[in-house]
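Please walk through this complex with the model open alongside the text.

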Amino acid sequence: MEFAPHTDADVRMMLDALGLASVDDLFAPIPSSLRYERPLDMPEGHTEIEVLRELGALAARNRSTDELVCFLGAGAYDHHVPSMVWPLLSRGEFATSYTPYQPEVSQGVLQALFEYQTMISELTGLEISNASLYDGGSALGEAVHMAASATGRKAVVLAGCINPLYAAVLRTVARGPDFELREARWGSNGTADLDAIRALADGAAAVAIQTPSFLGTLEDVAAIADVTHAAGAKLIVHFDLTSAGILEAPGVLGADIVVAEGQPLGNHLNFGGPYVGVIACRREEARRLPGRLVGETTDREGRRAFVLTLQAREQHIRRAKATSNICTNQTLNALGTSMALAWLGPEGLRELGETCLAKARYCRDRLVEVAGAKPAFDAPAFKEFAVRLAADPVRVCERAAADGYLAGLPLAEHLPGRGLDDALLIAVTERRTREEIDGLAESIARACKEEA
Amino acid sequence: MTQPSPPRLALAEEQLVFERSRPGRRAGRMPPLDVPAAPAEAIPEGFRRRRAPLLPEVSENELVRHYTRLSQRNWGIDTGFYPLGSCSMKYNPKLAEDAAAIPGFRRLHPLQPESQTQGALQMLVELERSLCAVTGMAGVTFQPAAGAHGELTGLLIMRAFHEHNGQRRKRVLIPDSAHGTNPASVTLAGYQTQEVPSDSRGLVDVEALEAMVGDDVAGFMITNPNTLGLFEENIERVAAAIHSVGGLLYYDGANLNAILGRSRPGDMGFDIVHMNLHKTFATPHGGGGPGAGPLAVSERLLPFLPGPRPAFDEASGRYRWDEGDDRSIGRMHTFWGNFGILVRASSYARALGSDGLRHVAERAVLNANYLAHRLRGTYDLAFPAQPMHEFVLSARKQKARGAKAMDIAKRVLDYGFHAPTVYFPLIVDEAMMVEPTETEAVETLDAFAEALIAIDAEIGPNLEELKTAPHTAPISRPDEARAARNLVPRWYPQAPEPVHDPEDAGPAEKPSI
């Protein structure tokens, strides 16, 4: 199946106009030694019906969260995607447009991004949001670049329990500029240890934390901000936007740069992507911001207009001296996030937070009562928590999957050597019902008994 | 027969979603709480949000109208011709959207055990084989979310490879016609950029390159065809020069559409190749993203790829994640990459197949040559050689008569087309870069050519209208300098005092790429 519209007569006419005898003559600029004359080593083309059948068969070999009741989080969450979001994002004028370099014919995307930036500013408590980065991990990397540029320092303190996958991405991108990563271990309650931060923050560009942490616990952002600023470092907070209806905005508590994974608002799980990296900063750091930024201005008639602005930061102008190399970002996913936020409104976002909070607490209590689980940490939490089980969490998850549950993330693989080999990380979103939670608790109880 | 009139966007101004807000109005709700509410102390004093965020309070009907009206003020490929050079704005098949929406893909959690994700892993392994077939490379990482992300991944692999061999190299060479992402990525990888000049034909000056190489050169990054749309016929000599000092050759896949099934980077001597699936494999650009920038490498670089990688285990007949060993540069993406985009690309590769992909290159190059032929009498071709899938015009003659490339680009909008890329590559005076792609019909190319010729004829009799274009778009030219000097990055209920910033707004004639 092909999408080029040319008839044989079209091709003939066009070749004639060019004075060429054959299609092969179009490739005359390629030296003959480099011309590939065989068929590519891949199947012949197929029709739409066949392709959808093939891919449908592959998809059927997966057990998705439609089939399994999802209590797995760890950076990707089974929240409700409002029904209006994907039909609107699928509109061709949004989906098939390029980066809005021609503002006169791109006001739709530009205004939608301006609205997104406003919402992110409100949720993070910082004035300036960009128009998206790749994902939560790359956003953390970009935040460290910003802090390094602002302070002229090269070390970053990772405090508390940051998602190890975000930390892994940071470790990779830190190889280029030779950033030094210092790990401040978390305390016994699963939150950042202020003394550990104090001991490592000297001379650091930034202290980075995640709240709620990877373990689900809430960090004391204001206290950590004090310690961080006393050392002359910037505070980077990796935040969960779904908690922003009930948890104070990190910017209000002293964070200098806030980053987030925007997937939980308006984006499907999609086996890990496309998601959306969120980053926000204070006004004085605007010129260090990576990526696209939309600003308001006026056109020649004085009408309100939106444009990509402060482009002098970016790779297409500043080249080797740009604040980042990012060009293509995750605009459509950012629009999904802002549509979900508009759908929720302030009251819906608060209800979302209260609902997740209540259901996660109920789930934890049921696991303690029914399955003999022990909370791994006693610090306050939001929608995710770790419990210690009487049996190997990997085996428990296998048995729970047979009962129809995606029970959570066994922590041993992701946090090796931290004494968490018996721990399971469980996320509870607003989509889960009491019946599902009760069912999970019973399934885990059974599994623990059978494995014991 | 009725003559088609140019497509037009909606002129009606649309309020900000916040301005549609009415206290108490709402769309989404949570189900009634079926568990006990959390006690107040569940969140410590000082952690709880004090002021509700200013989110819009709008009904769902009003939200749907809002976003629908915004979309009507935006140009997409689905609206009309989008001849942006270097961007391969081809038709994005709707098949891909159906494929990506299959619940078994869309509703899959990235951290599910391998036993639950066999179909997703198989899809990736099969797509990897197709991308290797197209590029002539040995293996792929799917983690890069975009082309520039692929560049950084490739440069970090380059660095890891040299360091593994005990070499701390310093310089990465790029042509002076390179995309801005190339030097920006080089800096992020901890290397210094050095530009290689182009020769009078618009190709890499091979003698200059040979004089610049040394054992501190980590590698050379280049597109082929290059950003002028010209095939680098000396690419084998370039490869030999770089390899002679132990450097690696990096292929920026922005222009891969030109050679699909006709020539392969692996056969040209490239060691590292990124692809832009949102260009070559027709996945939608989404107003700026998401894309996917998978990176392919030659055999000797496989161990350095980011992990984990999808793999097929012959013995068990199962698919699994392969972590690699300590030579891997580590993770570049939180999870596995932009999987939803990879599903779309897979549907495209399956639909076109080996024969169809070859036809893509043929039709893309035919369209570009035909359009260049139609225009070269009116506009200067920046370089006279036979182009591949795109070509660069210079509006220097038009500028001398009073109309710059920017004016012409803006006027094109009035004729019912998106503008070409302008002011890129930087080495061309008044550059206008045109890439028609293979999915445009000859009558569209003719209409576009006639529009550009008509605009040229407006210089003189109609210069003022040309220089103030567009006149039919939702807005006229916005004041970009003001946007940068008086930054308004968000909405406030009451407009704050303007903050004036003396910093410059960048050049007025910015590359639109």
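**From one residue to the complex**

Leaving aside residues up to four places away in sequence, B:Asp414 touches B:Ala469, B:Pro470, B:His471 and B:Thr472. The model is a predicted one, and the distances and angles below are computed from it. B:Asp414 and B:His471 are 57 residues apart along the chain, yet their C-alpha atoms are separated by 6.4 Å. B:Asp414 belongs to helix α12 of chain B, which covers residues 405–414.

Among contacts in chain B with a separation of 6 or more, 72% are between residues 24 or more positions apart. Chain B has 513 residues, and 60% of them count as buried. For a chain of 513 residues, a compact globule would have a radius of gyration near 24 Å, and the 25 Å of chain B agrees with that. Along the principal axes, the C-alpha atoms of chain B fill a box of roughly 75 × 75 × 55 Å. The secondary structure of chain B consists of 15 helices and 13 strands.

One of these strands, β5 of chain B, spans residues 248–253. Six of its six residues are buried, so β5(B) is largely enclosed by the rest of the structure. The burial applies to both faces of the strand: B:Leu248, B:Tyr250 and B:Asp252 point one way, B:Leu249, B:Tyr251 and B:Gly253 point the other way, and all are buried.

Which strands pair with β5(B)? Strand β4 of chain B, residues 217–222, runs parallel to β5(B) and is joined to it by four bridges. Within this pairing, B:Phe220 has B:Leu249 as its bridge partner.

Strand β12 of chain A, residues 384–388, is joined by five bridges to strand β15 of chain A, residues 423–427. In this pair, A:Glu384 stands opposite A:Ala427 in β15(A).

In chain A, the peptide bond joining A:Gly273 and A:Pro274 is cis, with omega about 5 degrees. A:Pro274 lies in the loop between β7 (257–261) and β8 (277–281) of chain A. A:Phe271 is found in that loop between β7 and β8 of chain A. A:Phe271 is not a glycine but has a positive phi of about 55 degrees. A:Phe271 counts as buried because it has 30 C-beta neighbours inside 10 Å.

Chain B has a cis peptide bond from B:Gly289 to B:Pro290, with omega near 10 degrees. B:Pro290 sits in the loop between β6 and β7 (295–297) of chain B. In the loop between β12 (421–422) and β13 (431–434) of chain B lies B:Glu430, a residue other than glycine with a positive phi, near 50 degrees. B:Glu430 has 23 other C-beta atoms within 10 Å and is therefore buried.

How do the two chains meet? In total, 187 residues of chain B are in contact with 173 residues of chain A. On the side of chain B that touches chain A, the largest share comes from helix α10 of chain B (residues 339–375), with 22 residues. That side divides into 95 nonpolar, 54 polar and 38 charged residues.

Finally, the confidence values. The mean pLDDT of chain B is 96, and 98% of its residues reach 70 or more. For the complex, the predictor gives an ipTM of 0.98 and a pTM of 0.98. Where pLDDT is low, the predicted coordinates should not be read in detail.

Terms used. Residues numbered from 1 in each chain as written. Chains lettered and ligands numbered in written order. Predicted model: local features only at pLDDT ≥ 70, side-chain atom pairs only at ≥ 80, totals over all residues. Contact = placed C-beta atoms within 7 Å. Helix = DSSP H or I, 4+ residues; strand = E, 2+ residues; numbered from the N terminus. Nonpolar A, V, L, I, M, F, W, Y, C, P; charged D, E, K, R; others polar. Rg over C-alpha atoms; globule rule 2.2 N^0.38 Å. Buried ≥ 20, exposed ≤ 12 C-beta atoms within 10 Å, placed from the backbone. Pairing = 2+ DSSP bridges. pLDDT = per-residue confidence, 0-100.
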